[in-house]
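Q: Please take a close look at the helical packing in this model. I would like a connected account of which elements meet, which residues make the contacts, and how individual side chains are placed.

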Amino acid sequence: MNPAQEMDSSSTEISSFTINSPTNTNSMVGSPSGSSSTAASPTTLSRYENQKRRDWNTFGQYLRNHRPPLSLSRCSGAHVLEFLRYLDQFGKTKVHTQLCPFFGHPNPPAPCPCPLRQAWGSLDALIGRLRAAYEENGGKPEANPFGARAVRLYLREVRDSQAKARGISYEKKKRKRPPQQQQQQPAVPPPNSS
């Protein structure tokens, strides 16, 4: 059986897609005992922190349901790629195949049977959150599987293929520089010709 068939029935939203995750999302991440905390901190977590915690719990559930189960210390970039491919089944972004008549059209005029996939931006944001969560939970930055070269290459490949399939070019945005105030220089009088 694959991990998708063995996950619990409760669901958690990750970015723009829904996947199955553990039922207990209130446990303190990184807590040595792993038990729920009844005395919650007085500050509420930001939306980003809540999403990061849900993502981390979901990835942990995925590792536990993996056959054979994996510990985080044995997790590699290859397992992260397997997780990202697994998430594609919950995607909502239409990605046209090269045989589709709408390949390369940003707004196709009719429906087509092309698959739904995770959007590149969602995957990129997810990896960023998981990379941060890994280090916050005691992982060493040099051993972070979410920062592996294979994961970066996969994300670049997904970005480029989705851009071609949807006819949208992803160009690196140029940083806007604040307008410079024109420095008022004293007017130089014309040279005297004597």
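A: From the N terminus on, the elements of the protein chain follow the order α-β-β-α-α-β-β-α-α, a total of 5 helices and 4 strands. The model is a predicted one. Of the 194 residues in the protein chain, 33% are buried. Among contacts between residues at least 6 apart in sequence, 64% join residues at least 24 apart.

The packing of helices may be taken up with H3. Two packed helices are described by the angle between their axes and the distance between the axes. Helix H3, residues 77-87, packs against helix H5, residues 149-166, at an angle of about 30 degrees, and their axes are 8 Å apart. Angles under 35 degrees count as roughly parallel, and H3 and H5 are therefore roughly parallel to each other. On the H3 side the contact is made by Gly77, Val80, Leu81, Leu84 and Arg85, while H5 contributes Ala150, Val151 and Tyr154. Sorted by class, the contact of H3 with H5 has 6 nonpolar residues, 1 polar and 1 charged.

H3 also packs against H2, with another geometry to describe. The axes of H2 and H3 cross at roughly 105 degrees and come within 11 Å. An angle of 65 to 115 degrees counts as roughly perpendicular, so H2 is roughly perpendicular to H3. In this contact Thr58, Phe59 and Tyr62 of H2 meet His79, Val80, Glu82, Phe83 and Tyr86 of H3. By class, the contact of H2 with H3 has 5 nonpolar, 2 polar and 1 charged residues. Val80 is listed in the contact with H5 and also in the contact with H2.

The loop between H2 and H3 holds Pro68. A cis peptide bond joins Arg67 and Pro68, with omega at about -10 degrees. Most peptide bonds are trans.

The largest nonpolar core has 24 residues, of which Phe59, Val80, Phe83, Leu84, Ile127, Leu130 and Phe146 touch the most other members. H2, H3, helix H4 (120-136) and H5 each supply at least two residues of this core. The most comes from H4, which gives 7 residues.

Asp55 lies in helix H2 and is buried, because its relative accessible area is 0%, where buried means under 20%. The side chain of Asp55 makes a polar contact with the side chain of Arg129 at 2.4 Å. Asp55 and Leu130 are 75 residues apart along the chain, yet their C-alpha atoms are separated by 6.7 Å. With 11% relative accessibility, Gln51 counts as buried. A polar contact of 2.8 Å links the side chain of Gln51 to the side chain of Arg54.

Apart from its neighbours within four places in sequence, Arg131 is in contact with Asn144, Phe146 and Gly147. Of these, Gly147 is 16 residues from Arg131 in sequence and 6.6 Å from it in space, C-alpha to C-alpha.

The account ends on helix H5, where Glu157 is placed. Glu157 counts as exposed, because its relative accessibility is 54% and exposed means over 50%. Glu157 and Trp120 are 37 residues apart in sequence, and 9.3 Å lie between their C-alpha atoms.

Terms used:
Residues numbered from 1 in each chain as written. Predicted model: local features only at pLDDT ≥ 70, side-chain atom pairs only at ≥ 80, totals over all residues. Heavy atoms only, no water. Axes fitted to C-alpha atoms, helices over the stretch in contact; angles between N-to-C directions. Parallel < 35°, antiparallel > 145°, perpendicular 65-115°, else oblique. Contact = heavy atoms within 4.5 Å. Nonpolar A, V, L, I, M, F, W, Y, C, P; charged D, E, K, R; others polar. Buried < 20%, exposed > 50% of the residue type's maximum accessible area, 1.4 Å probe, protein only. Polar contact = N/O pair within 3.5 Å; in protein donor to acceptor, adjacent residues only side chain to side chain. Core = buried A, V, L, I, M, F, W, Y, C linked by side-chain atoms within 4.5 Å.
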